[in-house]
2 protein chains.
Amino acid sequence: MQKPTLPKGTRDFGPEQMRKRLFIFDTIRQIFQQFGFQPIETPSMENLSTLTGKYGDEGDQLLFKILNSGDFAAGITELDLASGSKKLTPKIAEKGLRYDLTVPFARYVVMNRNSLTLPFKRYQMQPVWRADRPQKGRYREFYQCDADVVGTDSLLCEAEIVLMIHEAFRNLAIQNFTLKVNNRKILAGIAEVIGAPGQEGTLSVAIDKLDKIGKEKVLDELRERGFSEETLVSLEPLFLFGSATPYQTLDQLKNWLSASDTARQGITELEEMLLLVDQYGLSDSRVEIDPTLARGLSYYTGAIFEVKANGVSIGSVSGGGRYDNLTGAFGMPGLSGVGISFGVDRIYDVMEELNLFPADTGQGTHVLIVPFDKEARSVALPLLNQLRTAAVAAEMYPDLSKVKKMLDYANAKNIPFVVLIGSEEVQTGILSLKNMVTGEQFKVTTEELMDRLR
Amino acid sequence: MQKPTLPKGTRDFGPEQMRKRLFIFDTIRQIFQQFGFQPIETPSMENLSTLTGKYGDEGDQLLFKILNSGDFAAGITELDLASGSKKLTPKIAEKGLRYDLTVPFARYVVMNRNSLTLPFKRYQMQPVWRADRPQKGRYREFYQCDADVVGTDSLLCEAEIVLMIHEAFRNLAIQNFTLKVNNRKILAGIAEVIGAPGQEGTLSVAIDKLDKIGKEKVLDELRERGFSEETLVSLEPLFLFGSATPYQTLDQLKNWLSASDTARQGITELEEMLLLVDQYGLSDSRVEIDPTLARGLSYYTGAIFEVKANGVSIGSVSGGGRYDNLTGAFGMPGLSGVGISFGVDRIYDVMEELNLFPADTGQGTHVLIVPFDKEARSVALPLLNQLRTAAVAAEMYPDLSKVKKMLDYANAKNIPFVVLIGSEEVQTGILSLKNMVTGEQFKVTTEELMDRLR
């Protein structure tokens, strides 16, 4: 007999984990909706023609491909086989699993361009799949929760993302977080000002590692990549930004980067965003302007966001930014948008580590009814009905077992109350209510029971 | 430039559809939880060794297989290629997509046998994939919503399923439905009594078509499959069951099938189930005992359930039953369970056809704030904050556009209220509130606005 296993990099979620995950999903969904984002869902499978070429060569490798149904091998020649896996793939697989939510969203917008009213605010909470080498905290199937606005370049959208992030993490009880913000145009301006115009990509890849490898190694990497000593000297101010207020940091940047129109544009955008956030009345802002923040840059063209929870060594829990060409690859150029993605798995880890889940998140059933014999069921069943009618999650132990076994069941399911019904209870109508947390047991009438449990 | 398309048999769900689908999911989830079922989720991918051989030959064909990552073709010889797709598949694909929620659940139970407390009540709401030929109402990706109890043969579980079905369809506003119930043992007893013992499988396949092809053709099919004229004459009573009460139908069955111990056992089980439902106090029961109900029978061993919505020509919207050997294929025999599955896509179709979705299901944002110029934003933004703090879903139009365009946006998003803010409103502090349904417009203070929208 086979012993079943799970595919590498995939997970089951049991009841306790699921309840906590649902708490995160529900919280984020509610905030997305409160901010006017509308739900969509796209299929798990997309045509490979939709997915390929959107995530770079490495991304293409990491796509899960689905074998064509039916006699897929029929048209394959020995020559095809000899040409290797890469060339063989398109002949036997025309579909792949979603790699992120952004490309399917772009595809959706293009296919529905005639019926969508712009600006279009959508959210999407679905799993994605990547054939990455599994390791701690990295899975082959994981959820993304994305909210994007497309069809407007209004900075109000950036401000709304800042607000939404604050609302989300506060509702998740993650009070202590930092929202780092930067702007692609500031990075471009830095490259300009130090004398390496257009090199912000290379520059960003190196300074992105500042936290991990330190300043000296960042400079070494830049040297290797052809940055002159002169440019590196000019880069010095970048390493001097401390924990100033956002407006102070923007002032410092204005001084340093005054020679670059692009940088000034980026700084103005961030200023306007901060002003809108202030007008809204955000209290206790966690915004920090970080001119080293890059986040893989490749498609961000304006604001860049990243959220880290403080006090835990877990990477970023949320990130996003503005892009100017979401749908270009599908023949619909010039559609600007800005979005944010919440990483449910990492948020889960943060909340677990900091013990932030509400105490009752793990609870499902509120009360278990335990009849000692068949006769007791005639009392137990109407009570069960009454409890559920009052919206109390209730169940009845289905078998006639030893009391200890039934109480163990309640404990295993984290059920806080048990109602015991034996012959005495049937005769008197007085019920025994046991508090499973304190161990106390009370005699109560049905009415008293309902009052306590409602 | 490529024009993107969707893979055959898959669908996007836009905002309106999604809201309605979420209404169904939330309603069913809430009822599952109220009845003490706990959520689990399993990965979309399973090892093909877990899935293969569980759904019959046809099912194996309909599994979506995932091409192995990396250089999958490396070990493939020309001989492998020549041996055909079926033999080639296991060499290049070791994983497949979930085909239903039952087999992954069985795998989960076996893998967690040491930590699970039995009886285990779980629910699971996830998509499944089948490489079926797409046609109206049949998709290659669709959701299943299953609830099962395993580890007990108590008939209370059957009664709870009957109750849960009533609760679910009533909360979905599908008042007019029929819950057909049968028992595998009654079908076995019928086969016995007519002189074709053990033939209940063949018998069921034929009588399952009674609704569609009528009695004469059912008899023809049975003749073809080797049933003698004598057995068919004995089968006559089966076609005489009318719209009696459940207890009357069980009495008729008792008379007809008195010679079969198995049948009597099945009848007793259904009687006990009905008794428990009565003790609970279910009002307006929609239960109908239907001795012709079979539902693919293959793994049901006791009760069989099927729900049809009346007044629409949509197939069954829910079905399930008891099985005695969920986990046998994974080396854990003798685990009895009973479960029910809700078909979200069909429930959606029923509710759409009968216009049963609550009027506000399609609504997301409750109020759109429309500032006419930049200055108006200084009034609009604190108001937005105030509305959201009061849990009103609110958004602000991000661009400074023509009023008509902004009102069109509200209409397209089904937003019932718009707050217009121009220079007059900024000066006086009195706001203009427009009801988008009636077209009426009012002058209100912020306080009055909050009162109306809260």
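Copies are superposed by least squares on the C-alpha atoms of residues with pLDDT of at least 70 in both. The views below are of a predicted model.

**Figure 1. Chain B and chain A are related by a rotation of 180°.**
This rotation, with 0.0 Å of shift along its axis, places chain B on chain A with an RMSD of 0.1 Å. The relation is that of a two-fold axis. Within chain B, Ile66(B) has the C-alpha nearest the axis, at 2.3 Å from it.

**Figure 2. The domain assignment of chain A gives two parts, domain 1 and domain 2.**
Domain 1 of chain A consists of 15–43 + 99–353. Domain 2 of chain A covers 367–453. Between the C-alpha centres of domain 1 of chain A and domain 2 of chain A the distance is 51 Å.

**Figure 3. Chain B and chain A bury about 9,100 Å² between them.**
The size of an interface is often given as the accessible area lost when the parts come together. Here, 58% of the buried area is on carbon and sulfur atoms. Of the area that chain B buries against chain A, 8% is supplied by Glu41(B), Tyr280(B) and Arg388(B), more than by any other three residues. In terms of contacts, 106 residues of chain B touch 106 residues of chain A. The interface residues of chain B are also interface residues in chain A in 100% of cases, so the copies meet through the same surface.

**Figure 4. Polar contacts link chain B and chain A.**
There are 38 residue pairs in polar contact between chain B and chain A, counting pairs with both residues at pLDDT 80 or more. The side of chain B that touches chain A is made up of 54 nonpolar, 29 polar and 23 charged residues.

**Figure 5. Salt bridges join chain B and chain A.**
Side chains of opposite charge can pair when their charged atoms come close. Over all chains the count is 66 salt bridges, and between chain B and chain A it is 8. In one salt bridge the side chain of Glu160(B) meets that of Arg388(A), with an N to O distance of 2.6 Å. In another, the side chains of Lys374(A) and Glu272(B) meet at 3.2 Å, N to O. Lys374(A) is in the loop between β12 (367–371) and α16 (377–389) of chain A, while Glu272(B) is in helix α14 (residues 261–280) of chain B, so this pair joins two chains.

Pro119(A) sits in the loop between α6 (102–111) and β5 (120–129) of chain A. In chain B, Leu118(B) and Pro119(B) are joined by a cis peptide bond with omega of about -10°. The loop between α6 (102–111) and β5 (120–129) of chain B contains Pro119(B).

**Figure 6. Asp284(A) has a positive phi.**
The phi value of Asp284(A) is about 55°, although this residue is not a glycine. Asp284(A) belongs to the loop between α14 (261–280) and β8 (287–289) of chain A.

Key. Residues are numbered from 1 along each chain as its sequence is written. Chains are lettered from A and ligands numbered from 1 in the order in which they are written. Side-chain values use heavy atoms; hydrogens and water are left out. Contact means heavy atoms within 4.5 Å. Domain bounds come from an automatic or database domain assignment. Buried area is the accessible area (1.4 Å probe) that two parts lose on being put together, summed over both. A salt bridge is a side-chain nitrogen of Lys or Arg within 4 Å of a carboxyl oxygen of Asp or Glu. A polar contact is a pair of N or O atoms within 3.5 Å; within protein, one must be able to donate a hydrogen and the other to accept it, and residues adjacent in sequence count only if both atoms are side-chain atoms. Ala, Val, Leu, Ile, Met, Phe, Trp, Tyr, Cys and Pro count as nonpolar, Asp, Glu, Lys and Arg as charged, and the others, Gly among them, as polar. Helices (H or I, at least four residues) and strands (E, at least two) are DSSP runs, numbered from the N terminus.
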